[in-house]
Amino acid sequence: MVGSVGNGAADLGANGNGKAPHLEQQPEEPAVALPMEMEPEMVEGEGKREVVMGRNMHTACFAVKEPDADDDETGEREATMASVLALYRRSLVERTKHHLGYPYNLDFDYGALAQLQHFSINNLGDPFIESNYGVHSRQFEVGVLDWFARLWELEKDEYWGYITNCGTEGNLHGILVGREVFPDGILYASRESHYSVFKAARMYRMECVKVDTHISGEIDCSDFERKLMQNKDKPAIINVNIGTTVKGAVDDLDLVIKTLEESGFQDRFYIHCDGALFGLMIPFVKKAAKVTFKKPIGSVSVSGHKFVGCPMPCGVQVTRLKHINALSSNVEYLASRDATIMGSRNGHAPIFLWYTLNRKGYRGFQKEVQKCLRNAHYLKDRLNAAGIGAMLNELSSTVVFERPKDEEFVRRWQLACEGNIAHVVVMPSVNIDKLDYFLRELVEKRAVWYKDGICQPPCIARDVGQESCFCSLHKK
Ligand SMILES: Cc1ncc(COP(=O)(O)O)c(C=O)c1O
């Protein structure tokens, strides 16, 4: 949040003439060199590179140096630091241009909020109880929470929530609420749930049962039922995915509820909906079943830096007020209540969220969701037309395809990979031009990687199903 809080859209040629005006106005070539980007140390093995665990990488960094005695007079230090920042900014513009793999909307302009960076805004404590730290943004936080509570159909006097540090914190909180409501409950989560769900189980020492998934990545409710029946004596706490990390699969919430009720768990279950990725998109997808507190769910969380597009990680967690009393306690020195995971909380984040929600509103988000889904179909169709197998779940903008052979290419486009598959998450900042640019490069590179026929594109049938795999065995 230093300097301009825009994302450099103008630098990316967003002024329509394809030029990069800000880049042209950059200061002269700085005297310092940007350290080479630190890459995780890898070992080669079976054509893939794996991160070497258990070792810190200290090959390159911006060192912190003690000021020289005469720095104030010469101004040298200030000049060096300005050069480092200018170079770093340039690298961010470049990396932003080639970003496709993470579900982050990089298209925003928060210039109007630059004036607030001089303040140490901290919302420590409960959003609904004023603490004695006065430099806070609770007014914005509660406004944002009200907006989400309306979206998920929970009355103002029946909900509780807070702006979290990220989607992970939302999951940690939602599962903690479930555990407090049912202290002896077992946590159920599909295998394709985000790792933060399993981390919660470890942190809270909860028994955790992994449920199988369909090829789409959706939870398999027959397996869920089987596993429930093996543990009939203990209540169930379930993490339902509103968009899985790798395949963007949306678990069938209605079927999960039906399975619980038909297995004899009425009033003995707690559902947390992990909507980190897709929680704010699904309300605007016509065919999708609703995520709503009119159904017997306990909490919903989303990430704020994903579809919404915030320049810092943040998220939203909403739960039922009646649950929160079970886990909170008063803290005298704050003159507030402790019901959050973290102590100090980023007071800038709610203002950024508030700003975007106000600017875009429901209609703006709806348009962006439709654009993302359209562009995701475009990408999938173009991949298929180029002879590359790809899968796109009906309610998703995550396009899954073969892992590119070359790690350099993976890094350049910042693709998230797992085994033989990679994905592109089509966010509002991913337009057709960017997709065409990516597709052109991918097709050109593949022609080189696979030109002599000795090496073949990987089979991805196990991950996405035979019909979505175009490997030599499954090509029609
Ligand atoms: C399904 C899902 N849940 C939770 C998270 C964690 O979100 P965050 O990165 O905001 O902590 C992610 C991150 O990608 C995710 O995909």
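**Reading burial, pairing and contacts in a predicted model**

Strand β4 is joined to strand β5 (residues 208-211) by four bridges, and the two run parallel.

Student: What kind of model is this?

Tutor: The model is predicted.

Student: Which residue of β5 stands opposite Ala189?

Tutor: Lys210 in β5 stands opposite Ala189.

Student: How many residues of strand β4 are buried?

Tutor: Burial is read by counting other C-beta atoms within 10 Å, and 20 or more make a residue buried. In β4 (residues 186-190), five of the five residues are buried, so the strand is largely enclosed by the rest of the structure. Both faces are covered: Leu187 and Ala189 lie on one side, with Ile186, Tyr188 and Ser190 on the other.

Student: Is Lys306 buried or exposed?

Tutor: Lys306 has 27 other C-beta atoms within 10 Å, so it is buried. Its place is in the loop between β8 (299-303) and β9 (315-320). Beyond its neighbours within four places in sequence, Lys306 is in contact with Pro103, Tyr104, Asn105, Ala276 and Leu277. An unreviewed UniProt entry lists Lys306 under "modified residue: N6-(pyridoxal phosphate)lysine".

Student: Which residues come nearest to the ligand?

Tutor: There are 16 residues around the ligand, and Cys166, Gly167, Thr168, His194 and Ala276 come nearest. By class, this shell has 11 polar, four nonpolar and one charged residues. Helix α5 (residues 167-181) gives the most to the shell, with three residues.

Student: How many residues does the largest nonpolar core have?

Tutor: That core has 102 residues, and Leu353 and Val144 are among those with the most contacts inside it. Helix α10 (residues 349-385) gives the most to this core, with 13 residues. Not counting residues up to four places away in sequence, Leu353 touches Val144, Ile163, Gly304, Val308, Cys310 and Cys314.

Student: Why is Ala461 classed as partly exposed?

Tutor: A count between the two cut-offs, 12 or fewer for exposed and 20 or more for buried, gives that class. Ala461 has 18 other C-beta atoms within 10 Å, so it is partly exposed. Ala461 lies in helix α13 (residues 461-464). Leaving aside neighbours within four places in sequence, its contacts are Gln466, Cys469 and His474. The C-alpha atoms of Ala461 and Ile215 are separated by 9.3 Å, although these residues are 246 residues apart along the chain.

How values were computed
Residues are numbered from 1 along each chain as its sequence is written. This is a predicted model: local features need pLDDT of at least 70, side-chain atom pairs count only at pLDDT 80 or more; totals for chains, interfaces and linings use all residues. Two residues are in contact if their C-beta atoms, placed from the backbone, lie within 7 Å. A nonpolar core is a set of buried Ala, Val, Leu, Ile, Met, Phe, Trp, Tyr and Cys residues joined through C-beta atoms within 7 Å. A residue is near a molecule or strand if its C-beta atom, placed from the backbone, lies within 6 Å of it. Ala, Val, Leu, Ile, Met, Phe, Trp, Tyr, Cys and Pro count as nonpolar, Asp, Glu, Lys and Arg as charged, and the others, Gly among them, as polar. UniProt positions are given in the numbering used here, feature names are shortened, and annotations may be inferred rather than shown by experiment. Two strands pair if DSSP finds at least two bridges between them.
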